[in-house]
Amino acid sequence: MKTQKGWTMKTNVLLSLAMFALLNVLLFPGVAAMLAGTPGRAAARGRNAQADDALNQPRFHVKSSTFQNNTVIPSSMVFNGTLGSVCTGGNTSPDLEWTPSLPWTKSYAVVVYDETGEFTHWGVYNIPANVTKLPSGAGSLDSNGAPVIPYPQISNDTFTVGYVGPCPPANVEPLTHKYRFTVYALDTTFDLPQFNGFLAPSETLFRAMIGHVIETTTITGLLNCENMGSGCS
């Protein structure tokens with residue numbers, strides 16, 4: 001009798017676990033597919049998967065009306081002054097708009113990184129989960145030198161706050177630099193420290209994000225000062 005009771009209890013536990021797994025598959029097909037290790041294209045994308053498949057876009061994606069992915073950036077985005085080269089651009093950050101991430105997203109971060117030159121041009125974090133866009137010029141400072149957006153920023157690699165536009169060095173291989181505008185969907189927010197009066201650098205943010213990134217999306221701009229006519233030489 002004792003053995004029969006033990007068997008019955010074990011059977012009930014297994015049935016409960018099976019029911020829980022079934023509910024997860026029905027309620028969260030994208031997550032279930034990813035955990036299975038062999039996600040179908042539509043299942044992995046989840047919400048609006050059919051429409052996204054028709055557009056050949058992932059569910060979570062970022063776009064800009066200032067420039068298109070993998071195209072030459074306009075002079076409005078190029079640095080104005082001396083950086084890698086002498087540049088005469090508008091030094092204005094582009095508008096960015098992304099689709100909402102998964103429901104458990106707590107915040108977004110946006111980082112502009114020169115993948116070729118390994119240089120961080122701008123970073124913003126703790127963007128609320130209900131905010132899915134940044135307007136053109138969001139990386140600017142007002143007349144008092146304060147950021148025009150209310151979200152915290154990191155120090156760029158010139159040790160200043162705000163957007164520093166692309167301005168790659170002239171006559172240095174590779175000539176074309178790739179500038180990645182990446183949106184990170186995160187399951188938390190951060191309270192990053194300051195260092196001797198300077199805001200936290202990009203490395204601090206990258207380290208803080210480890211283990212908290214739900215998903216990312218990137219749009220890439222290109223710049224070649226030698227032959228692309230983008231206001232630098």
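Biologist: What is the mean pLDDT of the protein chain, and over which residues is the pLDDT below 50?

Modeller: This is a predicted model. The mean pLDDT of the protein chain is 79, and 74% of its residues reach 70 or more. Where pLDDT is low, the predicted coordinates should not be read in detail. That caution applies to a stretch that has 31 contacts beyond near neighbours in sequence, although its pLDDT is below 50: residues 13–54.

Biologist: Which strands stand at the edges of the five-stranded open sheet?

Modeller: The five strands follow the order 2-10-9-6-7, with mixed pairing.

Biologist: In the open sheet of three strands, what is the order, and which residue of strand 8 stands opposite Leu96?

Modeller: The sheet has antiparallel pairing and the order 1-5-8. Strand 1 (62–63) and strand 8 (133–134) are its edge strands, each pairing on one side only. Strand 5 and strand 8 are joined over two bridges. In strand 8, the residue opposite Leu96 is Leu134.

Biologist: Which element gives the largest share of the largest nonpolar core?

Modeller: This core has 32 residues, and Trp98, Trp122, Ile127, Leu134 and Phe181 have the most contacts inside it. Two or more residues come from each of strand 5 (96–98), strand 6 (107–114), strand 7 (119–128), strand 9 (177–186) and strand 10 (213–223). The largest share, four residues, is given by strand 9.

Biologist: Leaving aside neighbours within four places in sequence, which residues is Ile127 in contact with?

Modeller: Ile127 is among the residues with the most contacts inside the largest nonpolar core. Once neighbours within four places in sequence are set aside, its contacts are Trp98, Ser107, Tyr108, Val110, Leu134 and Tyr151.

Biologist: Why can the buried residues of helix 5 be said to line one face of the helix?

Modeller: In helix 5 (residues 202–209), the buried residues are Ser202, Thr204, Leu205 and Met209. An α-helix has 3.6 residues a turn, so residues three or four places apart point the same way. The buried residues pack against strand 6, strand 7, strand 9 and strand 10. Seen down the axis of helix 5, they line one face because they fall within an arc of 160°.

Biologist: Which residue follows helix 5, and what is its phi?

Modeller: Helix 5 covers residues 202–209. The residue that follows has a positive phi; it is Gly211, with phi near 85°.

Biologist: Which cysteines form the disulfide, and what is the torsion about the S-S bond?

Modeller: One disulfide is found in a search of the whole structure, and it joins Cys87 to Cys167 with an S to S distance of 1.9 Å. Cys87 lies in strand 4 (residues 86–88) and Cys167 in the loop between strand 8 and strand 9, 80 residues apart. Both Cys87 and Cys167 are buried. The disulfide of Cys87 and Cys167 is right-handed because the torsion about the S-S bond is about 95°.

Technical notes:
Residues are numbered from 1 along each chain as its sequence is written. This is a predicted model: local features need pLDDT of at least 70, side-chain atom pairs count only at pLDDT 80 or more; totals for chains, interfaces and linings use all residues. Side-chain values use heavy atoms; hydrogens and water are left out. A nonpolar core is a set of buried Ala, Val, Leu, Ile, Met, Phe, Trp, Tyr and Cys residues joined through side-chain atoms within 4.5 Å. Buried means under 20% relative accessible area, exposed over 50%, partly exposed in between (1.4 Å probe, protein chains only). Contact means heavy atoms within 4.5 Å. The arc is that of the directions from the helix axis to the C-beta atoms. Two strands pair if DSSP finds at least two bridges between them. A disulfide is a pair of cysteine sulfur atoms within 2.5 Å. pLDDT is the predictor's confidence in each residue, from 0 to 100.
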